[in-house]
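Biologist: Could you walk me through the aromatic side of a model? I would like to learn how to read ring pairs and the charges over them.

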Amino acid sequence: MYVKRRSSIRSWVTLEHDLGFAFMRLPIIHGLIRRRLLVNFRVDAEVMTRFLPAPFRPKVHNGYAIAGICLIRLEQIRPAWLPRLCGISSENAAHRIAVCWEDPSGETREGVFIPRRDTGSWLNHFAGGRIFPGEHHLADFAVTDRGSAIAMSIHARDDRMAVEIRARESESFPASSCFGSLAHSSAFFAGGSVGYSVTSDCCRLDGIRLVTDRWSVRPLAMEQVKSSFFSDESLFPAGTVTFDHALIMRDIPHRWQKVADMSTEPAR
């Protein structure tokens with residue numbers, strides 16, 4: 001059954017490519033964030049500026065650009081008109097960078113630039129960029145979540161992304177962070193509700209907005225964190241990126257809203 005389903009998905013992808021059409025994207029998708037980890041790094045702002053495509057610039061905090069990995073388990077994901085029982089579940093990862101830009105009216109906006117999305121779901125891989133915004137690479141997720149203790153091992157099928165973490169929920173915010181407190185960190189990331197994701201079209205970014213019924217984060221103490229993206233010295237030379245802190249949120253009803261795609265230029 002699994003082999004047949006994979007073959008069917010591949011057939012639809014081939015058909016779409018051959019016929020040259022795209023599926024109509026759903027304007028709103030509802031669901032539950034069962035678990036969301038924000039694993040955050042501080043990065044030399046000049047290095048990050050060179051990495052970002054126009055019109056983005058880093059959203060700087062205390063002199064640093066802020067980037068990270070969003071590791072999220074989604075459940076009950078469905079169009080608004082379907083009941084929760086019809087929703088799907090998946091493990092997902094998004095590498096993201098806090099950014100600012102000016103809209104056509106000249107007003108400053110903020111959100112996140114997402115150079116890569118990965119998922120453990122064949123459906124997300126197939127539907128991303130077609131039925132809902134955001135193209136997803138396939139990856140293998142090994143996740144252990146025992147309440148306060150969490151471990152993840154993620155490896156992309158294309159061998160271009162790997163993440164290893166081991167962490168525990170904590171009551172204290174790390175003094176080593178460039179953020180002065182949990183409240184400061186929470187406010188910073190709450191502002192990044194709009195995300196623009198890289199697509200197979202070099203000059204177009206998929207836009208999406210995350211709307212949560214509530215915003216509540218807790219500190220997450222990292223015992224181990226490894227990221228092939230942030231350890232790549234061709235992107236981030238030695239000494240220009242440092243793990244800063246991590247946050248966790250659980251059981252948050254939410255919805256995803258489509259926003260207009262963005263035209264962009266190659267990274268500087």
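Modeller: Let us start with the ground rules and then turn to the rings. This is a predicted model, where local features need pLDDT of at least 70, side-chain atom pairs count only at pLDDT 80 or more, and totals for chains, interfaces and linings use all residues. Residues are numbered from 1 along each chain as its sequence is written, and side-chain values use heavy atoms, leaving out hydrogens and water.

Biologist: How many aromatic pairs does the structure hold?

Modeller: Rings of Phe, Tyr and Trp (its six-membered ring) pair if their centres lie within 6.5 Å; planes under 30 degrees apart are stacked, over 60 edge-to-face, and the rest tilted. The structure holds 14 such pairs. One of them joins Phe-179 and Phe-188 edge-to-face, at 5.2 Å centre to centre and 70 degrees between the planes.

Biologist: Why does the pair of Phe-230 and Phe-236 count as stacked?

Modeller: Their planes lie at 25 degrees, with the centres 5.7 Å apart, so the pair is stacked. Ring pairs also link both into a cluster with Phe-41, Phe-51, Phe-229 and Phe-243.

Biologist: Are Phe-230 and Phe-236 buried or exposed?

Modeller: Buried means under 20% relative accessible area, exposed over 50%, partly exposed in between (1.4 Å probe, protein chains only). Phe-230 is buried at 5%, and Phe-236 is buried at 1%.

Biologist: Which ring does the charged end of Lys-59 sit over?

Modeller: The criterion is NZ of Lys or CZ of Arg within 6 Å of the ring centre and within 35 degrees of the ring normal. Lys-59 sits over Phe-188, 4.1 Å from the ring centre, while Arg-42 sits over Tyr-64 at 5.7 Å.
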